[in-house]
Amino acid sequence: MTSHNSERRALALLLGVSALILLLGLGSRELWGAETRWANIVLQMLQSGDYFDPYLKGSPYYDKPLPSYWLISACAWLMGGLGPWSLRLSSVLAAWLSIWLVYLIGEQLFRKGTGLIAGWMLATTFYFAFWARVATADILTVCGVLAAVWWYWRGPEDTRLGRYSVFFLLLAATSLLKGLIGFVLPGLILLPHLVSQGRWKRHLNLRLCLALVIAAGFYMVPFVLSHLYGAPTYGESGLSLVFRENVVRFFDPFDHVGPIYTYLIYLPAYTLPWAPCWILGLWLALRHWRQLQPNERWLVWALALLFLFFTASGSRRSYYVLPMVPFAQLLGAWWLNRYLQHKRDSGKGRDRRWAIGFASAAALLLLVLGVAYPWSNGGGGVIGFSAQVKTEASRIAPWNQWRMVMVEVDNKLPMYLQNQGAPFYYVAQTQDFPRAGSSADFMAWLDKTSGQHWDPQRTLIFVQQTPDEPLLLGYLGSDHQLIRTTPTNGERLARKSAEGSVAFIPRAPSD
């Protein structure tokens, strides 16, 4: 009983510290990288009420399946609006569940204590924690893959329809978050165990086929809904994009083309600071291959097949390596647990240096991701810019009375300027808006192009701030107040010029 309570306390400590690493300072950091697209697309869904046609800055952009956007929309509904917390919450929860799932898999398949070590390794892996705090579908995919693997290992010989159905529904749900790797990766991971001793023959039955049909139907639901209820003029097909992004890109990449040794560099980098552990584990496993337990050999094979799959793809990027990270850390935990057990068996007692190491890594992550990184985003940037615009505009009229025109703006901006008013109007730089003239010329063009009437005294206009180039729509400055993005603390520290946007706020007639 005491041992069981100790295990529960150890797990509670792991999950509690993990939550702190994932949540501290989460809302204080500016939008970064690809998450700006998720923010922009979800915001337009919320503003328009159209959840079946994703748009990026007013243009069709069916880059990912719809459910990843729906998850964020649901979080926004639960939390009262779209913001940094609701945007990133689904990714954070997926990371937290991934740590728990790694613990469960490790404890079930390997020596007691392996899961706890693997959980600490994953929770204190810098790049895992970093991407867990970014609103993209990558950590969601990691969680889905781990959930499918965990479910399989709960009953690998079970051939009931219910078990098959849950497994394939997990694969379908994971595939709906980013792409078909949600189906491929668990298959590769579990293939060595299925092939061993001809286990796959046991699973060739009608119940498996029926479960596949059920999962295929579930997978098709968002695409069918998009076809039935989406705008007839949308012009993009979700299923054709699935083929392009998953099949065409694998065999004939059209972007993200990296060298064949990409993951030889990024797998060690993405598993720091614990990369030496899984490398030593791999060396030990290969050296004593015949003496390994079947589950230990399975883990090595699974990691090898994942590595070969990603390397075989012509499209390679650093963060594509994320689904390999939990399995690499499981291998590292297997080695470390074996090493610590050997020390205990030889009478050298418990080695507390590793506990200190995990605690130090957690403290460092909290300091870097939870304190230093958010601080570097403060003092200016898009967050400070948006607050200043709201303050100045609200002196003229209530914030929710303003309409907004975005002329080729930074993707980060729209989320911070929500006012529960009309959807933003996006203007691409390729459009024929007046490059010179007066405010009246621009407003006349806007009325004509949009088919709507815009009140010049209740319209905010935003443009991209480009250093060393003439300000786009600079002629509006004759009767508008200009607000520019100022440098963040990090930019001031690095002596960099501010990047962002410029707002044109109409001056009151008395001005």
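**Charged pairs**

Colleague: With which residue does K112 form a salt bridge?

Modeller: A salt bridge is a side-chain nitrogen of Lys or Arg within 4 Å of a carboxyl oxygen of Asp or Glu. For K112, the closest N and O atoms of the pair are 2.3 Å apart. The partner of K112 is E7.

Colleague: What should I know about the model itself?

Modeller: This is a predicted model: local features need pLDDT of at least 70, side-chain atom pairs count only at pLDDT 80 or more, and totals for chains, interfaces and linings use all residues. Residues are numbered from 1 along each chain as its sequence is written, and side-chain values use heavy atoms, with hydrogens and water left out.

Colleague: How many salt bridges does the structure hold?

Modeller: Side chains of opposite charge can pair when their charged atoms come close. R29, E35 and R88 are even linked in a network of salt bridges. The total count of salt bridges is eleven.

Colleague: K112 and E7 tie together parts how many residues apart in sequence?

Modeller: Helices (H or I, at least four residues) and strands (E, at least two) are DSSP runs, numbered from the N terminus. K112 lies in the loop between α4 and α5, and E7 in helix α1. So the pair ties together parts whose separation in sequence is 105 residues.

Colleague: Is K112 buried or exposed?

Modeller: Buried means under 20% relative accessible area, exposed over 50%, and partly exposed in between (1.4 Å probe, protein chains only). E7, at 27%, counts as partly exposed. K112 has a relative accessible area of 53%, so K112 is exposed.

Colleague: K412 pairs with E30; how many residues apart are they?

Modeller: The closest N and O atoms of K412 and E30 are 3.0 Å apart. Both K412 and E30 are buried. K412 sits in the loop between β3 and α18, E30 in the loop between α1 and α2, and their separation is 382 residues.

Colleague: E157 forms a salt bridge with R199; which of the two is buried?

Modeller: The closest N and O atoms of E157 and R199 are 3.3 Å apart. E157 is partly exposed at 37%. At 16%, the buried one is R199.

**The sheet**

Colleague: Which residue stands opposite R403?

Modeller: Strands β3 and β5 pair in the parallel sense over five bridges. The residue of β5 opposite R403 is T459.

Colleague: Which helix gives the most to the nonpolar patch?

Modeller: The patch covers about 490 Å² and is made by L20, L24, L364, L367, V368 and V371. Patch residues have over 30% relative accessible area (Shrake-Rupley, 1.4 Å probe, only the protein chains shown as cover) and no salt bridge; nonpolar side chains (Val, Leu, Ile, Met, Phe, Trp, Tyr) are joined within 5 Å, like charges within 9 Å. V371, at 45%, is partly exposed. With four residues, the biggest giver is helix α16.

Notes:
Two strands pair if DSSP finds at least two bridges between them.
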